[in-house]
Amino acid sequence: MLEKLTQHPQDKILMLMGMYAADPRADKVDLGVGVYRNAEGVTPVMRAIKAAEHRLWQEQTTKAYTGLAGDPAYGDAMRGLVLGDAVDAARVAAAATPGGTGAVRQAFEMIRMENPDATVWVSDPTWPNHISILNHLGMTMRQYRYFDDETRAVDFPAMMADLADVKSGDVVLLHGCCHNPTGANLNLTEWQAVADHLNAAGATPMIDIAYQGFGDGVEQDAAGTRLIASQCPETLIAASCSKNFGIYRERTGLLMGVAPSADLRASVQGTFNHLNRQNYSFPPDHGARLVTMILTDDALRADWQAELEEMRLGMLQLRQDLAAELQRLTGSDRFGFVAQHRGMFSRLGANPDQVQAMREKHGIYMVGDSRLNIAGLNAQTVPILARAIADAGV
Ligand code: LMR
């Protein structure tokens, strides 16, 4: 059997990580994988995480299993972070998962199990792994237009025109904030129009929120998710703590299902527990426990939020600096979108040849679709990138 295995296409983001690591140039610039880095190029362990780890080491007396959905306190704390008081807590089922990807995978599996005829709609473009997992599960997928290549903003009329084909029972996947890979996001009027449309069509919204706190702020970034959850009868939500708590390798995510009523919550919870048991049994606990400690302790929470805010404002500053430098070099304000986008990513709009030229001539690594990780920049590399973009004729 093993000699007959076929090779699977490599994920383009992970492939780029390998290419970057193999490049011997000292002045190479990594704008690939979505990992936050500070001005020194370091992905720090956040202060509140360190403090919580220290406390956990002192206080934890057992590592026996928690529950199949993880510690309910984690689900409660994360529900508060993502949903605030937008929905009655009694309607919300929650399960800890290995990272946000684990939550996405479990949600897709649940959709396939409950409604094998459902089409899952994803934005064009979306995080490539959404499509990869849907294909892996043999699910029907369609893409809706999302990004205007000219303006580099959301093409909302095109998005709604495509979503006109959504059928009852379909699932529409939306990015809660900080759209990956484009950086272009819906405003609240547009979120409202999407909610109205999905309700009229009888479709279920699914929200992937992996960058809460990286865009306009912790509360503001959850506004679209809260609007949908409060207005649609049911909503699936995949949340990640990788980025906003900086605990990437701890694999800390949460799947939430907002049920149509409190009575129906138990069956959603039962399905989540069942899926966890089938796929990996008990979910990882370490990261989830740290997050719970931080969110339920006023001092730790305040420090976490202050550091997250510093990270967010740093990325915003880099966006403004890059847009200003590009304006200076090209004499045009066509790169103003860089300052308008939010989150870690911007899609630059360079073609594959230009992306390759920037990599080969300048050692700048961005994903082939010209997604760049703003957090990979610093004051020294902003002018280098701007020069490379201008040189490549983007
Ligand atoms: C990204 O989009 O770069 C991140 O979400 C990391 C990943 O797993 O792809």
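This is a predicted model: local features need pLDDT of at least 70, side-chain atom pairs count only at pLDDT 80 or more; totals for chains, interfaces and linings use all residues.

A polar contact is a pair of N or O atoms within 3.5 Å. With that cut-off in mind, the side chain of N180 has an N or O atom that lies 3.0 Å from an oxygen atom of the ligand.

- For W127, the separation between an N or O atom of the side chain and an oxygen atom of the ligand is 3.0 Å.
- For K243, an N or O atom in the side chain is 3.2 Å from an oxygen atom of the ligand.
- The ligand taken alone exposes 260 Å², and 80% of that is buried by the protein.

**The surroundings of the ligand**
- The ligand sits in the largest pocket, and the residues around the ligand are I13, V33, G34, W127, N180, Y211, K243 and R371.
- Sorted by class, this shell around the ligand consists of four nonpolar, two polar and two charged residues.

**The two domains**
- The domain assignment of the chain gives domain 1, made of 10-45 + 305-392, and domain 2, made of 65-296.
- Each of domain 1 and domain 2 supplies at least three residues to the shell around the ligand.
- The C-alpha centres of domain 1 and domain 2 are 27 Å apart, while 25 residues of domain 1 are in contact with 27 residues of domain 2.

Definitions and conventions:
Residues are numbered from 1 along each chain as its sequence is written. Side-chain values use heavy atoms; hydrogens and water are left out. A residue is near a molecule or strand if one of its heavy atoms lies within 4 Å of it. A polar contact is a pair of N or O atoms within 3.5 Å; within protein, one must be able to donate a hydrogen and the other to accept it, and residues adjacent in sequence count only if both atoms are side-chain atoms. Accessible areas come from the Shrake-Rupley method with a 1.4 Å probe; for residues, only the protein chains shown count as cover. On a 1 Å grid over the protein atoms alone, a cavity is a set of points where a 1.4 Å probe fits but cannot get out, and a pocket is an open set with protein on both sides within 12 Å along at least five of seven lines; lining residues have an atom within 4 Å of a point. A molecule sits in a cavity or pocket if more than half of its atoms lie within 2 Å of its grid points. Ala, Val, Leu, Ile, Met, Phe, Trp, Tyr, Cys and Pro count as nonpolar, Asp, Glu, Lys and Arg as charged, and the others, Gly among them, as polar. Domain bounds come from an automatic or database domain assignment. Contact means heavy atoms within 4.5 Å.
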